Amino acid sequence: MKKRIIAGVMVLVFMCLGLMGCSNEVVLEEQEEKSVSVETTVAELRDISLNTTITGAFRASDTVDVVPKVMGKVTSLNVREGQRVSKDQVLFTIDSQNVASAVRNAESAIKSAEAAVESAQASFRRTQEQHENALVNLERTKQLYEAGAVPLNQLEQAELAASDVNIEIANSQVFQAQVSLENARAALLDAQTGLADYTVRAPIAGVVTRLNITQGNVASGGPSLTISNLDSLIMDSNIPENLINYFKVGDQIQIRVRSASDAVLTGTVQVILPPNQGSLTYPLEIKVNNAPSEVLAGMFGEISLATQVSLNTVTI
């Protein structure tokens, strides 16, 4: 009986030892699972800024609607939409047959007036020679009359021939001919100016951004085409009142154009206008000179404005 009791006790002892060993393994496993690796970094002092993005749309710095001074059939059209033109380049011409005829008539009138002036001047020279001869004859007749060699009526005829009346008449004829010549020249200038109106030229250098006429049709009183100077662009933006003091006329501004491969342009604040009635935003114009060709009118630009700056801030 004692042997059985001893054997049973021994079995219990071994079982307890086994359980304790298992418990220790679980604790060790839990401890291993709870361990965490930690990375460290050095804190630095940096300047931190809070940026506000302001957007605006680009437009051409100079846009001109070309309106012909006269109406008529378009006889030639020398440009197309999208074409670059230089100042004073011929854009199109309008039928000018009637005006060209008036120019030819005015040129003929000038030739006639010039001939009339030459004739009047020649007549004046002849009259002047006759007057000088009449003066010489008058002096001789006076001497003969005083000597009793000629009667009084002959002296009176000599005095009449030597008067200035004929000289004044001839001089007046020259003057009238010269006035007619000047009038003819003015008429030719008017006709030539009118003829020039039938050849329409570019008032500025730029790109034809709109074309409203075709060859053979009639150019009416409205804009025939539009030319825009795209080498210089204006970005229009409306600035809230709490940000307007960040801008001054003459400031250099960096503008990002995301639709043009994130191109960054430098512009100059050109105009700051007061807000419109009932508005709390200020119209702002920024001019960009020599804009790249991929930046077009109508695209949007972004200005990143540092509105809050914290200096020497601890960062990690």
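Two strands count as paired if DSSP finds at least two bridges between them. With that in hand, here's a look at this predicted model, starting with a hairpin.

Strands β9 and β10 make up that hairpin, with 5 residues between them. In the turn, serine 261 has a positive phi of about 60°. The two strands run antiparallel and share 6 bridges, and valine 257 sits opposite alanine 263 of β10.

Next, the open sheet. Its 4 strands come in the order β5-β4-β2-β7, with antiparallel pairing. β5 (199-201) and β7 (218-219) are the edge strands, each pairing on one side only. Inside the sheet, β2 and β4 pair over 3 bridges, and serine 76 faces threonine 93 in β4.

| Strand pair | Residues | Sense | Bridges |
|---|---|---|---|
| β2 and β4 | 72-77 and 90-94 | antiparallel | 3 bridges |

Now for the helices. α2 (residues 97-146) packs against α4 (residues 165-196) at an angle of about 165°, and their axes are 8 Å apart. Angles over 145 degrees count as roughly antiparallel, so that is how α2 lies relative to α4. Their crossing is left-handed. Sorted by class, the contact of α2 with α4 has 22 nonpolar, 12 polar and 3 charged residues.

How values were computed:
Residues numbered from 1 in each chain as written. Predicted model: local features only at pLDDT ≥ 70, side-chain atom pairs only at ≥ 80, totals over all residues. Heavy atoms only, no water. Axes fitted to C-alpha atoms, helices over the stretch in contact; angles between N-to-C directions. Parallel < 35°, antiparallel > 145°, perpendicular 65-115°, else oblique. Left-handed = near helix turned anticlockwise from the far one by under 90°. Nonpolar A, V, L, I, M, F, W, Y, C, P; charged D, E, K, R; others polar.
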